[in-house]
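The following exercises concern a predicted model. Please work through each task before reading its solution.

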Amino acid sequence: KEYMKEAVVEVMHHLFRLGFENVLCGYSEGNRKSKRLIEKLGFRPFRVTENAWQKDGQPITEYTGILSREEFAALYGET
């Protein structure tokens, strides 16, 4: 139903109105729903942090995306 996407878009509108130039958003290895949401929102890859933390003794990689004010405005309208 895309409720999460709508909520995140509203938060990003607010952050850019506050003056932020970029928004970072991340997800952990294996979290397919978060990865898909970040991709749908238009974030582009920014950073990969291997061994960011551990779950049950296994290292987990973190993925971070970035979306600039200009990229956001092109996708969702002026901030």
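**Exercise 1.** Determine whether Phe16 and Phe72 are buried or exposed, and classify their ring pair.

*Solution.* Begin with accessibility: Phe16 and Phe72 are both buried. Next, consider the geometry of the rings, whose centres are 5.2 Å apart and whose planes stand at 40°. Planes under 30 degrees apart would count as stacked and over 60 as edge-to-face, so the pair is tilted. Finally, locate the residues: Phe16 belongs to helix α1 and Phe72 to helix α3, so the pair ties together parts 56 residues apart in sequence. Ring pairs also link Phe16 and Phe72 with Tyr76 into a cluster.

**Exercise 2.** Classify the aromatic pair of Tyr27 and Tyr63, and state which strands hold these residues.

*Solution.* The centre-to-centre distance is 5.2 Å and the angle between the planes is 20°, which makes the pair stacked. Tyr27 lies in strand β1 and Tyr63 in strand β3, so parts 36 residues apart in sequence are tied together. As to accessibility, Tyr27 is buried, with a relative accessible area of 15%, whereas Tyr63 is partly exposed at 28%.

Terms used: Residues numbered from 1 in each chain as written. Predicted model: local features only at pLDDT ≥ 70, side-chain atom pairs only at ≥ 80, totals over all residues. Heavy atoms only, no water. Phe/Tyr/Trp six-rings, centres within 6.5 Å; stacked < 30°, edge-to-face > 60°. Helix = DSSP H or I, 4+ residues; strand = E, 2+ residues; numbered from the N terminus. Buried < 20%, exposed > 50% of the residue type's maximum accessible area, 1.4 Å probe, protein only.
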